[in-house]
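Please keep the sequence and the structure in view while reading.

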Amino acid sequence: MNRRHRCGPRLWAAALVLVTALGLAALPLQDASAADGPAVTLSKSQAGTGGSITVSGSGWHPKTLLMMLICGQSEPGRGVVGGTNSCANADGRAVTTGDKGTFGKKLPVAEPPVPCPCVVHVATVTGDKAQADAVLKVAGHPVEALPAQSGGGKLSVLTDTRLDGSSGVLTWFGAPASRTFVFTVGNVGSAPLKDPVFQVGTSHGVFAPQWEDQQWRGTIAPGRKAQIKLPVELTSGAHGNYLVSLKFGGKVLAEQPWGVGRPWGVTLFWILLCVVVPAAVFRIGMAAVDRVRPRRSGGAGRHRGALHFPELAARVPKLRLPESSRRAAGPPRDSTGTGTHTTTALPWFTPDTDPGAPAGQLSAPSDNSPTTKGNT
């Protein structure tokens, strides 16, 4: 009995030590899985265009927005060589991770704009930057070798980046805004870099950058530095807060914010258009109505009670000049201009005593005249 009581505590102690050892052994495994970072797995390693695959992920930050794309010229160890320009952006899908940093969603299979090898590229849109790739073979899509990677050359940004240039009058009316991205890099590798290819991307808000390859002509020797100037241009009418990013060798080297003003000239143009067009339509409509409207004959409705010129001339009293004025003016002319005189008899003169008659008798005949006596 005593031996049985003595062995019991020993057994319990041994069991406790064994459980503690197993728990301590499991902790490094969990830490190792968390240290691996985000990972992506596919339901199929090969699929044809028009089908779909299920993309699953783990190790991501909880409640993070991700973007899934099928990209060409890519390898998991090297990344996407051409940036998002090598991806089928129109067929991409967005997904949000769960509380444990996992996700699973279907992705339609589409051919990227460049040849394979292809990958499913998953990258964060918001929050800390992270990305992961998984190999995918797109059936029927051409395959080409990846471009040769430079030797031991490695660049590092030495000075702060800046955007040189200013907007002109055309930008105020919606023309594309452009700047020059200026930065200084140094070759910290062991081999020279000849004609390096940089990737410049512009992003707006929560959207991922649109990368564009730009080659700089020149050679940077090991331990030397060089100033790089690359053009950056936005689309027409773009305005707001943008972020210009610089990438080399699959690694983001620098970022520069860029605030673009609103093109108020476009707004002014639309305001004037909304005022001028209705006014022009109104004028055209009024002209059409005035042309189609029937007119009243004789104009009686428009000039009521008005006297015509012949009637008005008939009502004006006729004036006669004095005899002295008429003699000085000479004989009046008729309507034909021949200068003949038409005698006009006044009611208080007889034809013989008419002032316009020839001179010979200056007074009216008296009753004692021979002509009167002979007639009587």
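Student: Which residue meets aspartate 164 in a salt bridge?
Tutor: A salt bridge here is a side-chain nitrogen of Lys or Arg within 4 Å of a carboxyl oxygen of Asp or Glu. In this predicted model, side-chain atom pairs count only at pLDDT 80 or more, local features need pLDDT of at least 70, and totals for chains, interfaces and linings use all residues. Residues are numbered from 1 along each chain as its sequence is written, and side-chain values use heavy atoms, with hydrogens and water left out. At 3.1 Å, N to O, the partner of aspartate 164 is arginine 162.

Student: Are aspartate 164 and arginine 162 buried, partly exposed or exposed?
Tutor: Buried means under 20% relative accessible area, exposed over 50%, and partly exposed in between, with a 1.4 Å probe and protein chains only. Aspartate 164 has a relative accessible area of 29%, and arginine 162 has 39%. Aspartate 164 is therefore partly exposed, and arginine 162 is likewise partly exposed.

Student: Which residue forms a salt bridge with aspartate 195?
Tutor: The closest N and O atoms of the pair are 3.7 Å apart, and the partner is arginine 217. The pair links distant parts of the chain, 22 residues apart: aspartate 195 lies in the loop between strand 14 (193-194) and strand 15, arginine 217 in the loop between strand 16 and strand 17 (219-220). Strands (E, at least two residues) and helices (H or I, at least four) are DSSP runs, numbered from the N terminus.

Student: How many salt bridges does a search of the whole structure find, and what is the N to O distance between aspartate 99 and lysine 63?
Tutor: The search finds four salt bridges. Aspartate 99, in the loop between strand 7 (93-96) and strand 8, and lysine 63, in the loop between strand 3 and strand 4, are 36 residues apart. Both aspartate 99 and lysine 63 are exposed. Their side chains meet at an N to O distance of 3.3 Å.

Student: What is the phi of lysine 63, and what is that of glutamine 73?
Tutor: Most residues other than glycine have a negative phi, and most peptide bonds are trans. Lysine 63, exposed at 59% relative accessibility, is not a glycine, yet its phi is positive at about 55 degrees. Glutamine 73 lies in the loop between strand 4 and strand 5 (74-75) and is partly exposed at 22%. Its phi is also positive, at about 50 degrees.

Student: Where is proline 117 found, and is the peptide bond from cysteine 116 to proline 117 cis or trans?
Tutor: Proline 117 is found in the loop between strand 8 and strand 9 (118-124). Omega for the bond from cysteine 116 is near 20 degrees, and the bond is cis.

Student: Is serine 203 buried or exposed, and which residues does serine 203 touch?
Tutor: Serine 203 lies in strand 15 and counts as buried because its relative accessibility is 10%. Contact means heavy atoms within 4.5 Å. Not counting residues up to four places away in sequence, serine 203 touches Ala208, Pro209, Asn241, Tyr242 and Leu243.
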